[in-house]
Amino acid sequence: MLPPNTETPVVILGAGIVGICTALSLLERGVPVTLIDRNEPGQETSMGNAGVVSPWSVIPQSLPGTWKKIPKLLFGYGRPLSVDPRVALKMVPWGVRFLRLGQEKHVRKAAEAMSLLCGPSIELYQKHLRGSGHEGLITDSMYVHAFRDGSRANLNDLDYRIRTEMGADTELVGRNRLSMIEPALSPEFNAAILIKDQARVRSPGRLAKILAAKAEALGASFKKMVIRRVAKKDTGWAIQCDGEVLHSECIVMCLGVWSPGLLKGTDLSMPLMAERGYHVEFADPGIEINNSVMDVDAKVVISSMEGGVRIAGQAEFAPVDAAPNEKRKDQLMWIARSAFPNLRIDSPTFWMGRRPSFPDSLPMLGETPGQPGLYFNFGHSHYGLMMAPKSGEYLAQYICGEVVNANLEPFSSTRF
């Protein structure tokens, strides 16, 4: 690992929230950066999430007994999981590895690693927004995990136990208290687990725009181009885009699900799946939701945003560039109305994005062995918004040759 030549920009491939936060951390160290993306900064996967910023979202997706729940996830309430037949064969080895990682020892190891990235997320976003005039974009919140069947709300379950052991302030509440916290929530929900000391972003897309503008003001260059391939040269790397070839001694891969397609020459194992998520947003909802509310049956989060009430989530494994599944729109509208009966669902907007998901729910972060000047920061699964600021900070420290006071081995590009 060598500090970059500060006369030559570090080129960041991908201008989503992870790429933007990486750029800000490099710029703070006086390192010039160029970001390349086919879209406007932060307006693809980054803009459509549920807005949860949670220091305690440290639980990987695979838990003990997850395999028993697969039929219910596929066919139960809200059908939160689906697998497109076109990726079914590819899903088999990924899914086997995913389920094997559901043992408690692996869950605890992953949770420790995730806490490194999620723990400081609120304070780092506050730092990035300070002085922008848009500090109110991130606001205090609880994460309300709402259960219809109150007997399923159990603070002794492994995921809540791990959070509590790590210092989270959690509380189990019944129907009466829940109705005071979220008056608009359906009385069908009989209990909830509150995870306190959280935050939520009221417009993830606008957050990305504001932080991108800050990066540009600090000297970052943004190029809107399609990246076709990257190739190692005698000195540095060549990035072939439509209409232009750029060169840099140091490139950072932040392209999410599109990253493996540009890394075929590295001989690294890349068990990355496109785990597509959806949202529907209602511009004139007629209700206000006070916190981020998860319907634990349907695996969705519903919250009030600047643009209205948004319901976001679910998991659909499908080809990266497959068209959105239009059936998801009606499904999410039905789930949202069931959870909040007084919600007005006129003129909804519909969106689909692609989570880059490794079986262990951890990103790849750091340098690539045998590929000097190539750095990874992608694969953040469901946790990109939470993990982006700290993963960008760690990578900037690493690139600049600073001492990284953390064990980044769990994020190694060779772990598979």
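**Exercise 1.** Sort the lining of the second largest pocket into nonpolar, polar and charged residues.

*Solution.* The classes: Ala, Val, Leu, Ile, Met, Phe, Trp, Tyr, Cys and Pro are nonpolar, Asp, Glu, Lys and Arg are charged, and the others, Gly among them, are polar. Heads-up: this is a predicted model, where local features need pLDDT of at least 70 and side-chain atom pairs pLDDT 80 or more, while totals for chains, interfaces and linings use all residues. Numbering runs from 1 along each chain as its sequence is written, and side-chain values use heavy atoms, with hydrogens and water left out.

**Exercise 2.** Find the volume of the second largest pocket and the residues closest to its centre.

*Solution.* Start with the volume, the space filled by probe spheres set on grid points joined across faces, edges and corners: about 390 Å³. A pocket is an open set of points on a 1 Å grid over the protein atoms alone, where a 1.4 Å probe fits, with protein on both sides within 12 Å along at least five of seven lines; lining residues have an atom within 4 Å of a point. Of the 18 lining residues, Lys109, Ala110, Asp360, Leu362 and Pro410 are closest to the centre.

**Exercise 3.** Describe the surroundings of Gly119.

*Solution.* First, contacts (heavy atoms within 4.5 Å): beyond four places in sequence, Gly119 touches Pro55 and Met114.
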